[in-house]
Structures are given as C-alpha cells and as structure tokens.
Amino acid sequence: MSDLVFVPRPDGELPVRRWLPASGTGPGVLVLQEIFGVSPYIGQRCADLAAAGYVVYAPELYFRLGPPTFDENAADYVQQGIGASQQLDWEQTTADASAALDALRAAPEVTGKVAVLGFCFGGGLGFQVAALNSPDALVSYYGSAIPGLLDLAPGVRCPSLHHWGLGDSFFPPEVVEQVRAALTIERVTFHTYPGAEHAFDNPHPMFFHAEASALAWTRTLAFLAEQLGQS
C-alpha cells in the first residue's frame, strides 16, 4: 500500500507516492514515471521494490497539469502520453525530480543509500538528475531523452545500469549503439534485449516482452542490492 507525502516547490507542493518495506526502513529508490504518469504498472513496480526492502518515492510529475487520464485501449494511447509529456517544462521537471530525490535522501525511513530508477521518459530524466544531484546509483530503462543528453555523461559519476530493446520502434539499434558507445564512463553496465520493443517492461500488450522484462528486472534487483548494500 502506498500513501502520499508532499515536497514543497516554489509554485506549490509536489505529490509523491510513497511505499515502505515491511521493516519500515531501508535504502531509498526514487522511481520516475513513463509518459503515462504514475500508472498502475509503475505502482506495481514500486510495490515490487518495497517488497524487496526499499523505501520508494514516485513523484507525480504531471501535478501542474491536473490528474492525467489515458485511455490504454485507444488507438492513440501512445500519442496521448507523448502529448502530456510535451506539456512539461523539462528543466522544471528535472528540478522537481531532484527535489524529490533530496526529500527521499532526508526521509527518516531511509537508512542507507539512494538510487534513481526511471522508465522511458523517466529513464532520460533520471540520467539528467543523476548528472546534477549525485545519487548512489542509477537504473535507466530505455531512457528516451538520453540520446540528446550524452554531453551530460561525464557528470553521471554513480554506477549506472541501462536497459534497451533492440526492437525499439523509436530508437533503432544504431541509436542504441550510439548511446552505448558514448557511455564509456566508469561503472556503466549496458544490456540490450533482442526483439524487445520500447517500454518492454510495461505489461500492456503493445509493448510487453516477457523474457526481456523478467531478465531486466532480475538484473535491476541484483544491481540495486549490490550498489545500495541491500541483502
């Protein structure tokens, strides 16, 4: 079960959904949403992380736009999400996510290190946040903004794990390879998944690749345990 905490921002309060592990305390993970917001899918991943022993924060990055509504059965489902994400100011949203990371780091429930884990939109946003705010680890699933943010790579000094599908409709293999080649900084782990679409971890039939999803999640949990010191 999740509850809400609020992070003060200059123009209001950022709602952040919070999940706690059974122990009530642990290392922290900031989860950054896809273009579809803190959806039931993202909520399930947050619950999975809490079950693994982490304090999890997921900021509602669309809070200035009002509650998002997406019809996942509509033919333009992806376009709905893209349209919503394009209404966000990138630098303002980066600052919001960074403030949420600061709040997580300072939370009394957090007893150790903190990581950023982002999916799609959130994977690129997490990369920028990591360059500016130095979490202890970064996990990026098919970070959609990363191809345009590679100049920030030297600033991402924490260990990072990247997942990309090689069947990605938005980022063909040559773009994925450009990203891999640019991330030559130390402590980068880069995995690709043959045949996996963009957003392959999302259970929607349009995206889901069961084998890639399971393997990437196993790798994610192992990486977080190693970097955050979680048994």
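Author: The dialogue below goes from the whole protein to a single residue. This is a predicted model, in which local features need pLDDT of at least 70, side-chain atom pairs count only at pLDDT 80 or more, and totals for chains, interfaces and linings use all residues. Residues are numbered from 1 along each chain as its sequence is written, and side-chain values use heavy atoms, with hydrogens and water left out.

Reader: How many helices and strands does the protein have?

Author: Helices (H or I, at least four residues) and strands (E, at least two) are DSSP runs, numbered from the N terminus. The protein has six helices and eight strands, in the order β-β-β-α-β-α-α-β-α-β-β-α-β-α from the N terminus on.

Reader: What does the radius of gyration of the protein agree with?

Author: The radius is taken over C-alpha atoms, and the globule rule is 2.2 Å times the number of residues to the power 0.38. For 231 residues a compact globule would have a value near 17 Å; the protein has 16 Å, which agrees. Its C-alpha trace spans about 45 × 40 × 30 Å along the principal axes.

Reader: Where is Ser140 placed, and is Ser140 buried or exposed?

Author: Buried means under 20% relative accessible area, exposed over 50%, partly exposed in between (1.4 Å probe, protein chains only). Ser140 lies in strand 6 (residues 137–141) and counts as buried because its relative accessibility is 0%. Of the 231 residues of the protein, 55% count as buried.

Reader: Which residues does Ser140 touch?

Author: Contact means heavy atoms within 4.5 Å. Leaving aside residues up to four places away in sequence, Ser140 touches Gly118, Gly123, Gly124, Ile146, Leu161, His162 and His163.
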